[in-house]
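Could you walk me through this structure, from its overall build down to individual residues?

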Amino acid sequence: MVCLRYLLPLLFQYDSTAEESDTLESHGVGAVVQIAKNMHAVQASQALSRLTGLCTDESSTPFNAPAVNSLKALLTPKLASMLKDQAPKDLLSKLNANLESPEIIWNSSTRAELLKFVDQQRASQGPDGSYDLTESHTFVYEALSKELYIGNVYLRVYNDQPDSEISEPEAFCVALVHFISSLVHGEFAAPSGVQNKRDVSSSSPETYELHSNIADVSADEQHVPDEVALSDGRVTDKEGYILIKNLQSGLTSLKNLLTNNPNLASIFSTKEKLLPLFECFSVPAASESNIPQLCLGVLSLLTTYAPCLEAMVADGSSLLLLLQMLHCSPSCREGALHVLYALASTPELAWAAAKHGGVVYILELLLPLQQEVPLQQRAASASLLGRLIGQPMHGPRVAITLARFLPDGMVSIIRDGPGESVVSALEQTTETPELVWTPAMAASLSAQISTMASDLYHEQMKGRVVDWDVPEQASGQQEMRDEPQVGGIYVRLFLKDPKFPLRNPKRFLEGLLDQYLSSIAATHYETHAVDPELPLLLSAALVSLLRVHPALADHVGYLGYVPKLVAAVAYEGRRETMSSGELKSGGHAMEKTYEPDDGTTQPAQTPQERVRLSCLRVLHQLAASTICAEAMAATSVGTPQVVPLLMKAIGWQGGSILALETLKRVVVAGNRARDALVAQGLKVGLAEVLLGLLDWRAGGRNGLCSQMKWNESEASIGRVLAIEVLHAFATEGAHCLKVREILNASYVWSAYKDQKHDLFLPSNAQSAAAGVAGLIENSARLTYALTAPPQMSQARAPASSGSETNGNPDSIS
């Protein structure tokens with residue numbers, strides 16, 4: 001290959017400013033000479049192309065590997081590859097210009113070095129007249145000796161010009177991965193104080209190379225300090241510092257390459273390809289190094305590719321490392337949060353958060369104790385928790401873990417997001433049915449979490465996986481631990497503001513029903529162990545919820561709670577009166593809170609009576625739903641019938657109006673089971689009892705009104721409701737003729753049937769969701785649409801205290 005030494009100098013005599021057309025005009029001898037030199041340069045380029053076998057025209061020659069390797073070393077790989085082009089002018093122009101791009105660094109220094117080397121090679125002819133190509137294969141430019149050259153790309157130039165296009169980006173990416181892996185597994189894996197001086201290019205000589213031993217670069221040119229303190233406290237030499245810089249350059253180039261070529265993420269779709277990146281976190285980097293941040297930046301770019309996500313979560317230790325960064329590496333938190341958020345949709349990260357303490361590390365950012373955490377990072381941690389809660393497989397476990405720390409209302413805020421709203425809610429004082437939160441609670445919980453995170457981190461640093469669980473005492477809800485809570489709602493606070501817009505009223509409803517029935521059953525057998533006022537509190541919340549959200553009553557009917565409530569009313573009605581001691585201990589506090597105060601004096605109710613009235617109130621409210629009314633009519637063997645039960649409830653103290661209006665609601669025309677209910681009423685003589693309530697005559701046939709212990713308002717309303725129930729029973733149906741026969745035979749009914757009685761009801765009784773009974777309970781001053789005429793009240797609606805009757809009150813009590 002003697003010709004290489006003679007052809008190469010010809011390439012550098014080319015001048016792109018000289019045109020062949022100029023030969024027709026006389027511009028002097030110099031112009032003609034330059035044109036000749038240009039022609040020689042073109043021919044020399046074509047000759048080199050054919051000698052190496054790089055040409056692609058029809059007269060191509062076999063590939064000459066030794067010659068190609070020599071030209072790659074002498075011209076640098078990118079310039080040598082341009083010999084493939086049939087038009088060599090582009091190559092010749094670059095060879096005779098000063099260029100600095102990611103793939104080409106060429107200037108007067110490199111040209112001078114090459115010409116000097118060629119001259120030396122000409123003088124080194126062997127005895128037989130041959131030349132040795134070995135030296136040309138290992139030729140290294142002194143001007144390029146300080147450049148890190150990986151995958152045919154100069155990293156320094158590429159990092160300065162990250163938007164530059166790379167001719168072979170995939171090969172460059174693979175080369176960068178090998179380079180980073182060699183640094184992590186080679187130089188940084190050496191024992192303390194001993195650096196592995198293996199040439200990193202040896203692991204893949206065809207994909208990347210170093211033009212010189214980087215460790216030999218002078219300290220002045222690299223600005224290396226005399227001593228470099230590493231993150232683990234050790235001190236290494238200048239060579240280690242340079243290796244760190246090389247790793248930084250490689251990671252920066254990889255980040256730039258993936259930014260401009262997102263499709264290259266497919267290269268990292270296996271755990272083995274990702275491992276070197278995660279191993280970079282354990283490199284004993286200098287304190288001023290940004291290696292972890294660069295790694296996180298690369299991982300963040302890879303999260304856009306689904307197979308890379310799967311590869312990242314395949315190793316649980318990698319997930320735990322990212323979570324631990326939130327605790328131990330403030331400078332890495334932002335990048336770690338970004339990567340974790342992208343991984344939060346995977347079941348593996350949700351599991352690590354719930355079972356390996358990840359929730360603690362995230363909460364530590366969300367509720368900082370002393371150190372200042374930027375608002376952006378706190379919001380990002382809240383968003384991360386919200387996405388983890390939403391993970392289908394293990395998200396509920398994360399929510400349960402969070403609920404051990406935070407109130408259910410705060411967990412709901414985290415679930416709904418955005419993160420900024422969560423941070424704002426944590427810093428405010430809030431008292432709503434769904435959330436009670438104060439700065440004192442936040443400070444207390446923050447201190448607990450900080451200690452817990454530190455202890456957990458130290459345990460994990462011992463090299464074992466900790467199957468973590470929240471200690472029982474860890475909670476930010478100590479101030480409200482004794483407050484009744486159902487479905488994440490504080491019951492007493494809800495009763496103060498029943499119209500508060502609940503996030504999940506159905507969940508609250510189902511929780512109230514379950515706990516209400518359980519609390520009633522508990523009072524049957526554990527009177528002293530269970531708060532006797534709890535059923536009253538829960539029933540009050542149930543009634544209030546159904547009044548504010550009437551549509552929820554249908555949901556109760558579909559869930560099958562109605563027969564259970566009817567059975568509960570029947571059971572409570574059969575229970576014996578509690579002892580006087582229990583009456584004194586539990587009698588009056590709840591009565592003052594939940595019983596109406598209409599200005600009358602009535603005997604104190606026993607706890608049993610108050611519980612059965614609470615059941616009746618719930619049934620009364622549910623009866624407004626046609627679905628529930630139909631469910632009340634469905635009976636089976638051994639279960640109580642609702643109409644006889646309500647007829648008996650008319651005689652209960654405080655339950656008359658409730659029972660009458662419930663009867664009115666269950667026999668409305670829209671109830672498909674109405675005929676069955678009317679049949680129940682006929683069987684037990686309900687029509688006769690109601691007529692007895694209407695009998696104004698002293699000593700009349702039934703005359704029950706005087707024994708009901710009603711005040712004047714209750715007497716008027718009770719009679720009106722009785723009339724409406726009778727009208728409802730007489731409406732067209734299977735048993736209407738029999739009902740009408742009973743009514744037509746009654747003198748009492750003939751006095752009432754044609755009169756309009758709703759004037760004796762509260763003004764909004766017909767439209768209010770609470771009904772007449774609810775209005776009586778909620779208001780001590782009843783507003784009537786029109787005051788009853790004096791003669792009517794004396795003739796047909798006398799006060800109960802002035803009446804005498806021969807009726808038997810036991811028939812309805």
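First, a word on the ground rules. This is a predicted model, in which local features need pLDDT of at least 70 and side-chain atom pairs count only at pLDDT 80 or more, while totals for chains, interfaces and linings use all residues. Residues are numbered from 1 along each chain as its sequence is written, and side-chain values use heavy atoms, with hydrogens and water left out.

The protein chain has 41 helices and ten strands; these are DSSP runs numbered from the N terminus, with helices being H or I of at least four residues and strands E of at least two. Of its 813 residues, 50% are buried. Here buried means under 20% relative accessible area, exposed means over 50%, and partly exposed lies in between, using a 1.4 Å probe and protein chains only. Among contacts (heavy atoms within 4.5 Å) with a separation of 6 or more, 73% are between residues 24 or more positions apart.

A nonpolar core is a set of buried Ala, Val, Leu, Ile, Met, Phe, Trp, Tyr and Cys residues joined through side-chain atoms within 4.5 Å. The largest one has 101 residues, and Phe 268, Leu 302, Phe 405 and Leu 406 have the most contacts inside it. Helix α9 gives the largest share of this core, nine residues. Phe 268 shows how such a residue is surrounded: beyond its neighbours within four places in sequence, its contacts include Cys 173, Val 177, Leu 254, Leu 258 and Leu 302. A second, separate core has 88 residues, among them Phe 508, Tyr 516, Leu 545 and Ala 659. Helix α26 spans residues 534–548, and 13 of its 15 residues are buried. From first C-alpha to last, α26 reaches 21 Å, close to the 21 Å expected at 1.5 Å a residue, where the expected span is 1.5 Å times one less than the number of residues.

Next come the aromatic rings. Rings of Phe, Tyr and Trp (its six-membered ring) pair if their centres lie within 6.5 Å; planes under 30 degrees apart count as stacked, over 60 as edge-to-face and the rest as tilted. The count by this rule is seven aromatic pairs. In one of them, the ring centres of Tyr 149 and Tyr 154 are 4.3 Å apart and the planes are at 40 degrees, so this pair is tilted. Both of these tyrosines, Tyr 149 and Tyr 154, are buried. Tyr 158 and Phe 172 have ring centres 5.5 Å apart and planes at 90 degrees, so they are edge-to-face. That pair links distant parts of the chain, with Tyr 158 in helix α8 (residues 155–160) and Phe 172 in helix α9 (residues 169–187), 14 residues apart. Ring pairs also join Trp 106, Phe 117, Phe 139 and Tyr 141 into a cluster.

Some rings have a charge over them, which requires NZ of Lys or CZ of Arg within 6 Å of the ring centre and within 35 degrees of the ring normal. Arg 387 lies over the face of Tyr 341, 4.8 Å from the ring centre, and Lys 564 lies over the face of Tyr 561 at 5.3 Å.

What about the cysteines? With a disulfide taken as a pair of cysteine sulfur atoms within 2.5 Å, the count is zero. Cys 295 has its closest cysteine sulfur in Cys 280, 3.9 Å away, which is too far for a bond. Cys 295 is also buried, at 0% relative accessibility.

We finish with the backbone. Most residues other than glycine have a negative phi, and most peptide bonds are trans. Thr 76 has a positive phi, near 75 degrees, and sits in the loop between α3 (65–75) and α4 (77–81). Thr 76 is buried, at 2% relative accessibility, and its contacts beyond four places in sequence include Trp 106 and Tyr 141, both members of the ring cluster. Asn 152 also has a positive phi, near 65 degrees; this residue lies in the loop between β3 (149–150) and β4 (153–154) and is partly exposed, at 30%. Finally, a cis peptide bond joins Gly 417 and Pro 418, with omega about -10 degrees, and Pro 418 lies in the loop between α21 (408–416) and α22 (419–426).
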